[in-house]
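Dear colleague,

Please find below the structure that I am handing over for your attention. My notes on it follow directly after.

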Amino acid sequence: MLPSGAWGKRKPRGRRLGWVRSDARGTMWARQEGLHHPHPHTVVRCPSSSSSSVSCSGDSEEEDMGLLEVSVTDIKPPAPELGPMPDGLSPQQVVRRHILGSIVQSEGSYVESLKRVLQDYRNPLMEMEPKVLSARKCQVVFFRVKEILHCHSMFQIALSSRVAEWDSTEKIGDLFVASFSKSMVLDVYSDYVNNFTNAMSIIKKACLTKPAFLEFLKRRQVCSPDRVTLYGLMVKPIQRFPQFILLLQDMLKNTPRGHPDRLSLQLALTELETLAEKLNEQKRLADQVAEIQQLTKSVSDRSSLNKLLTSGQRQLLLCETLTETVYGDRGQLIKSKERRVFLLNDMLVCANINFKPANHRGQLEISSLVPLGPKYVVKWNTALPQVQVVEVGQDGSSYDKDNVLIQHAGTKKASAAGQAQNKVYFGPPRLFQELQDLQKDLAVVEQITFLISTLHGTYQNLNMTVAQDWCLALQRLMRVKEEEIHSANKCRLRLLLPGKPDKSGRPISFMVVFITPNPLSKISWVNRLHLAKIGLREENQPGWLCPDEDKKSRAPFWCPILACCIPAFSPRGLSLQLGALVHSPVSCPLLGFSAVSTSLPQGYLWVGGGQEGAGGQVEIFSLNRPSPRTVKSFPLAAPVLCMEYIPEPEEGESGDEGHVAAEPSAAVHPTICLGLQDGSILVYGSVDTGTQCLATCGSPGLQPVLCLRHSPFHLFAGLQDGTVAAYPRASGGVPWDLESPPVCLTVGPGPVRTLLSLEDAVWASCGPRVTVLDATSLQTQQSFEAHQDEAVSVTHMVKAGSGVWMAFSSGSSIRLFHTETLEHLQEINIATRTTFLLPGQKHLCVTSLLICQGLLWVGTDQGVIVLLPVPRLEGIPKITGKGMVSLNGHCGPVAFLAVATSILAPDILRSDQEEAEGPRAEEDKPDGQAHEPPPASRVGRELTRKKGILLQYRLRSTAHLPGPLLSVREPAPADGSALEHSEEDGSIYEMADDPDVWVRSRPCARDAHRKEICSVAIISGGQGYRNFGSASGGSGRPAPCGETDSALLIWQVPLTL
């Protein structure tokens, strides 16, 4: 046992954090050497076999944890305080001091909250007579709170020492690493998180059944200074690590490169993010189990649904409270009710929410202290493959209208008229019909326009200019109507479900309409429904294995799902070798709302390859349909070895440092650069599939182009002879100056196998060495050895956060290097992940790498693909988990791994309220682009609103056109004070006949900052397709291509919402 004055008497010898072991059972987490405690009389006691008494009257189960017992009432270290601010600090140093103050204040508040849980709730409940909560239940409710408090009390003591010496050291990152990288922290917090739902359930039940307990909670809340409830205090451990992450992110932003604390902060971010991710996943799984248990309680024990729910084979993918709406035959809303909808991995369940407390007032009092979960009554459930999402205005192609009778879920039976027409209105009335009417009207107006062109006279308001204005205005109204249909789908989830057949045996389907809380929720439901259906296919059952859990096949809900396998080249006879693939994204504003949620990322895949000694070929696939299809294929003189997609230059990128004038750069469109075996570099326009070759050149010495990368100012080509050729950015339609000789940089004697473009540098590999070049001046900054074997070459480099992962020409290991210090941080052997899939296969080589959305994809020469989790934030992308192995792969080496992404338009996320405000916001725009009518027009608009729509597109008035005005009225005064048409020129239309239907304006500037949704697909290329899960090692169903044919596997990743 440590003496009471140990903290003050110990001689300081170091700054490192570690573990102090006092005996076989007790360990303490604190500063190993030189931890100066501000109070030398603080008592720190370790439990031993003879001493188990603690100030918190703890139970023996918790003491078995083997932690140092810290007396909660005795340890009261004052909140660490920074001394006076020294003179001459830089602005960043000042900010870092303020952030440190926030960390200290935040940690102090958190420790006080944990103490309140024990002192104000746990201890009184344990000591209370008669007991309102049994000792056993108290142990469950407050499980692991003491251990969490011990961890943070020790951290707070160490933190106070760091604060005292801050101005001389300015280091905090290593303290976080040492404090929160221990497995004990994860274990304690995991126990707490996994137990949280159970603890809240006990509290809720006690509130409902024991008035004395409810009165105790109310009294404690009233007496507390901040009126925080017990639930509010107990939820803080779940929120703690996200708070730490935000504070450390701010600290890292204000820590310059080269600072001694920078790498430690990045490592600390990695540790905290990994910890938070694991706790989030455990919390999600615990909530999922609780939801399924709550649902199971509402089902009869003998029902088939009960057996399905209790089988342990069901995963809850999504669960939300939605509003079911019932409409009449004319589209009017009849009733609405909240339902709880559960999306399981193979079924959809809808339940009534039952809130019927015995004492309604008491229920409200309880709900203010602890969240109350509802009881469910299952309304219906159906197998997932039979569920169809139907959008407003969608044609009947998705289901057979003639052979299926659609009945509304909320009506007792379909009306005779509804059956006769087989048509039921849902949601906003007449939208689709109105669009068809506008299309017919446009055809008529086009005929009228033709007739007007035959007039012999010239009239001011009856001429071709006015007639074309009518046509443009009708086309504009059609676009507005399409947007109304699109908007009607934004929060309306319409599901077609199978019902019981009628007496004649004809199947009856019924439509259920749910209103989601927001457009994001609708997108999430449609996307998860779509992916869950794909997940039921044979090749995805299972699709991934987790080798660290006894080969468990239950992959996490976020795992990528194999969407399709397609031949890479259309001429099947040629055994072309794959070279490279890039995705050229396009924006498709007319894409249906459901298609946005379910389709692959919009755009085109360019696949390049060829045959040794023969020519090359490029195949272009369109992703703008439910399944990829070839839209163009063209031959080249030599095989394609590499490709690079060049997006449009961002604002300020091309004009910086006078490289390119701002005006020409605006005309630069996205391009795709190809590097060929014969040394050619080709630049193609990627706007459409026209495949116009914009420029071509030969590399210096016509050396084969092995890799291409671009930075804001240069296009870099890695060549066979160890040279990097840098082509400067040019003005005009072609982004690079390929006509002038490039700047040639020799990085080594062997081939430059891979290039990596960072913010301010370019990394080039030659053999086992990597050379770092300045991206602007092209000067060599430094070089380092990535592998000790001279015969090994660096073949792949991918960046995430502040690290770069590298793969090599031989061996199954990948290595992580720091982008700033170039330090080797981690090495992972991929072969250990694949031994159970490829028994006896000792020699494995990594052939491709990709990092995307917190996952490191590794392709091997055996066709196996391994998935490893890495942090997403600015920290170090260390691999912390075992990862997963795909059971879908290739028959030969994985030639490449590529990502296709597209950003969904921000206005998809606009809510109805924001949509309604849209026209007003547009009117209020101050610039000249705003179509702002004169004030007098508002009166005229009110008058014309009841009469119909003024068809105007561009014309504000016809007064400037030649000829007399055709009108029965007197001509207007010539002073110009009153315009003939005072309404706006058509960018906003007022609908006169239906006040319930609003019309959207163009997106305004305030939408630019809205959160984006990213649609992601991963594409692997290699020889053939192989399913490693089947007994024979081949696919369970016919493969779309032969074992030697080049094939593409496309995985769809759930939308990041």
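**Charged pairs and a buried histidine**

R339 is buried, with a relative accessible area of 10% (buried means under 20%, exposed over 50%, partly exposed in between; 1.4 Å probe, protein chains only). Its salt-bridge partner is E324, with the closest N and O atoms 2.7 Å apart; a salt bridge is a side-chain nitrogen of Lys or Arg within 4 Å of a carboxyl oxygen of Asp or Glu. E324 lies in strand β5 (residues 316–327) and R339 in strand β6 (residues 333–344), so the pair ties together parts 15 residues apart in sequence. Helices (H or I, at least four residues) and strands (E, at least two) are DSSP runs, numbered from the N terminus. E324 is also buried, at 5% relative accessibility.

The model is predicted: local features need pLDDT of at least 70, side-chain atom pairs count only at pLDDT 80 or more, and totals for chains, interfaces and linings use all residues. Residues are numbered from 1 along each chain as its sequence is written, and side-chain values use heavy atoms, leaving out hydrogens and water.

The count comes to 21 salt bridges. Among them, R257 pairs with D760 at 3.9 Å between the closest N and O atoms. These two residues are 503 residues apart, in the loop between α11 (236–253) and α12 (262–297) and the loop between β27 (752–757) and β28 (761–766) respectively. D760 is partly exposed, at 41% relative accessibility. R257, R262, D760 and E820 are linked in a network of salt bridges.

H152, in helix α5 (residues 145–164), is buried at 0% relative accessible area.

Yours sincerely
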